[in-house]
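Keep the sequence and the model side by side.

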Amino acid sequence: MSLIPVLAIDGPSGVGKGTVARIMAQKLGWHLLDSGAIYRAFALAVDARNIDVTDESALVEVANNLDLAFKTETDSELVSVYLDGQDVSKVLRTEQTGEMASKIASIGVVRAALLKRQQAFAKAPGLVADGRDMGTVVFADAPFKVFLTASAQERANRRLKQLQNQGSEGIISQILADVVARDERDSSRKHSPLKPAKDALIIDTTELSIDEVITQVSELIKA
Ligand code: C5P
């Protein structure tokens, strides 16, 4: 069992895992792993190299040599993501990249190749990690596990608000369809499907504010 305490936060797309993970990492003074960003960056790298996604040895080679860096910007809570030395933070967050990541993340050899890179984030004094399989696979022995849920409609509403706050637009019916399709793919895949760990605290956030979710997660850690 790892000596570094890990708070694993899993759940479907648009549930607010990233926000909860960032606030908890700040509160605890722990490191932060946005594992979805790794899958997204990997998908961008594969796309940029025009690699056929059925060519597993080429995918593993890209995964093993992924030149990826996370940098916290001064005077900002935002983390910028650099792939091959280029700031890809903006394109990383698009629905299109999320879709590509979700498709490529279902391939077993890709998940295996990216496993150690994720586990290497566990450093003193602790780690808050968010994703789909933090509590079930990557940090299966984590002492703190949370699984966040919310209705698909609520998650689509949150995603639309997020896009609007970024100055972008979206069509709610399209966002909802994307959210449902991505959940279906992430939950039904053979390798590391999206599901709560047996020992995870499940929080339905549909009717909860961020503060209320943070209170519940903080209580789990205090307990
Ligand atoms: O969380 P985010 O939306 O950034 O993740 C993008 C995609 O990456 C997800 O839809 C999922 O398919 C994949 N992913 C994964 N395992 C993780 C994190 C993300 O399969 N731990």
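R49 is partly exposed, because its relative accessibility is 39%. The model is a predicted one. R49 forms a salt bridge with D84, and the closest N and O atoms are 3.2 Å apart. R49 sits in the loop between α2 and α3 (56–64), D84 in the loop between β4 and β5, so the pair ties together parts that are 35 residues apart in sequence. D84 is also partly exposed, at 38% relative accessible area.

Now look at the sheet beside that loop pair. It is open, has three strands in the order β3-β4-β5, and pairs antiparallel. β3 (68–72) and β5 (86–87) are the edge strands, each pairing on one side only. Strand β4 (residues 79–83) is joined to β5 by two bridges. L83 stands opposite Q86 of β5. Helix α2 (residues 35–48) lies across β3 and β4, at about 130° to β3.

R132 and D186 meet through their side chains in a salt bridge, 3.3 Å from N to O. R132 belongs to the loop between β6 (127–131) and α7 (134–138), D186 to helix α9 (residues 172–188); 54 residues separate them. Both are buried.

Helix α9 also holds D183, whose partner R155 lies in helix α8 (residues 152–165), so this pair ties together parts 28 residues apart in sequence. D183 is buried, with 12% relative accessible area. R155 counts as buried at 4% relative accessibility. Shared partners join R132, D186 and R189 into one salt-bridge network. The whole structure has ten salt bridges.

How values were computed. Residues are numbered from 1 along each chain as its sequence is written. This is a predicted model: local features need pLDDT of at least 70, side-chain atom pairs count only at pLDDT 80 or more; totals for chains, interfaces and linings use all residues. Side-chain values use heavy atoms; hydrogens and water are left out. Two strands pair if DSSP finds at least two bridges between them. Helices (H or I, at least four residues) and strands (E, at least two) are DSSP runs, numbered from the N terminus. Contact means heavy atoms within 4.5 Å. Axes are lines fitted to C-alpha atoms, for helices over the stretch in contact, and angles run from 0 to 180 degrees between N-to-C directions. A salt bridge is a side-chain nitrogen of Lys or Arg within 4 Å of a carboxyl oxygen of Asp or Glu. Buried means under 20% relative accessible area, exposed over 50%, partly exposed in between (1.4 Å probe, protein chains only).
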